[in-house]
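Subject: Structure for your review

Dear colleague,

Please find below the structure that I am handing over to you.

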Amino acid sequence: MAMFPSCLPGCLFTLMLVQWLSLGTEAPFEVLGPLEPILALVGEDSELPCYLSPNVSAEHMELRWFRNTLSPAVMLYQDGQEQEGEQMPEYQARVTLVTDNITAGHAALRIHGIRVFDEGVYGCSFKDNQARREAFLQLRVAALGSDPHISMEVLESGEIRLECTSVGWYPEPQVWWRTPIGEKFLSTSESKSPDQEGLFTVAASVIIRDTSVENVSCCVHNLLLGQQKEVGISVAAPSNTIWIFIVVAVFMGLTGIFITWQLCRKYIKEKTKDERGPIELNKAQLHAVKVTLDGDTAHSHLRLSEDSKSVRLEGFRQKLPENPERFDSWPCVLGKNQFTSKKHYWEVEVGDRTDWLLGVCRENVMKKGFILMSPTNGFWVVECSEKGYWALAPLRVLLSLPEAPCRIGIFVDYESGAVSFYNVNDGSHIYSFTNISFSGTLRPIFCLWSCGDKPLTICPVATGEPEEVRVSVDAQAHQRLLPPVEEDSACGVTDNH
């Protein structure tokens, strides 16, 4: 299941009108939703509306809002009431159905207390006795953080160091310094890190060397909202008495900060050590294997080369033989490698893509229709989506990574019952599924959600041979592939996340 593109709206909403055929007949209605993304603020409520065309009553239909898979659902309305038994835990007691105009075919999902996790693509499904139809819509989440706070330190050289901090921003904001006349300063250091809720804390510092500067302000800007918060401070040369007071105050403040930093560092170090997993990266790499792809399992939008060492995500469905082992909704492919014992490791170059899923699964997992990818169903995978990184555990885990990984290392320890993921670039641990009782055969799995111009590459680890498996995409197409896809063409719209 880090971590969260401008092409999404234009690409998604052509595909969002693609519907499943029900009972082999033309449905008497279509489901429509808003074409533009819905913007919601963290902590507030937001509604995701859908409606029928023509405006027939939906009072006795099954209404379902969902993410990734039909079940479990975000919200299920059936037999005239909400059904909580089939609901995702993350949305229990957080959503209600707005049915004021349900007799005219209008209904909306109301999400209470919006969180960063809620950002993404939602589907709404209306079903009667004859057919089911769906539409897809996008929810964008934003948060305006706290007022900036500026602290000042007078250096021995006489220069002034300013540090600006602010918390609670989403998405990642911009920070800059400027004088009252608009002259901007470059920060000498800057950090932006998400907390457990996905909200960003920013800290930026600058050193003022120009003694003629009397006032400076720090501005934190949210590009999505088009709003900012700014605070100023006077940096005029103080008198000796005030200077001594400032030095003493700053020293005491820095002492407190240093002690707090040491405690936090110790806590983070211990927490990281506890979560790091059963083996370090350099030891995992000793068990490197060559991974190739199994064309008999590849979704029909994936094109494999003759030597089965590369695969492309095409913008159209290929005519391929019917195969019970082939994925027909999610654009995924399995590796040919079969793991029934021992330890196995491979690496995948992801670059700066934000739409992939990697890991391992049982050989006999469901490959047809909507698939809930979780350990319960035999999937141990990590996903990158919407600039967020997630471990798809029974409860999705938002991963806070210090930097975006360009190469992912995947390690399977069959006997110990663990699947671990690493950022190969800096050797850090990303996430581990542990205490697993494996049974049967495991195989690598690769999914690519959208067309784009950057490839995924499965890289040799220990041999240094030039062989590699490329997972690439059609540079001519820039849209998100949303399952299930029933038409021959899936990439027919240019880009507008």
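A salt bridge is taken here as a side-chain nitrogen of Lys or Arg within 4 Å of a carboxyl oxygen of Asp or Glu. The model is predicted, with local features requiring pLDDT of at least 70 and side-chain atom pairs counting only at pLDDT 80 or more, while totals for chains, interfaces and linings use all residues. Residues are numbered from 1 along each chain as its sequence is written, and side-chain values use heavy atoms, leaving out hydrogens and water.

Salt bridges

The structure holds 18 salt bridges. In one of them, the side chains of Glu325 and Lys367 meet at 3.0 Å, N to O. Glu325 lies in the loop between β20 (310-313) and β21 (332-334), and Lys367 in the loop between β23 (355-362) and β24 (379-385), so the pair ties together parts that are 42 residues apart in sequence. Strands, like helices, are DSSP runs numbered from the N terminus (strands E, at least two residues; helices H or I, at least four). Lys367 is buried, with a relative accessible area of 4%, whereas Glu325 is partly exposed at 35%. Buried means under 20% relative accessible area, exposed over 50%, and partly exposed in between, with a 1.4 Å probe and protein chains only.

Lys229 forms a salt bridge with Asp147, with the closest N and O atoms 3.7 Å apart. Because Lys229 lies in strand β18 and Asp147 in the loop between β10 (132-142) and β11, this pair joins parts that are 82 residues apart in sequence. A network of salt bridges links Glu62, Arg64, Glu86 and Arg132.

Strands

Strands count as paired if DSSP finds at least two bridges between them. An open sheet of 4 strands has the order β11-β12-β16-β15, with antiparallel pairing. β11 (149-154) and β15 (189-194) stand at the edges with a single partner strand each, so one side of each has no neighbour in the sheet.

In strand β17 (residues 215-222), 7 of the 8 residues are buried, so the strand is largely enclosed by the rest of the structure. β17 runs antiparallel to strand β18 (residues 227-234), joined by 8 bridges. Antiparallel pairing also joins β17 to strand β13 (residues 174-178), over 5 bridges.

Nonpolar cores

A nonpolar core is a set of buried Ala, Val, Leu, Ile, Met, Phe, Trp, Tyr and Cys residues joined through side-chain atoms within 4.5 Å. The largest has 75 residues, and those touching the most other members include Leu63, Trp65 and Phe126. Apart from it lies another core of 37 residues, among them Leu313 and Val419.

Yours sincerely
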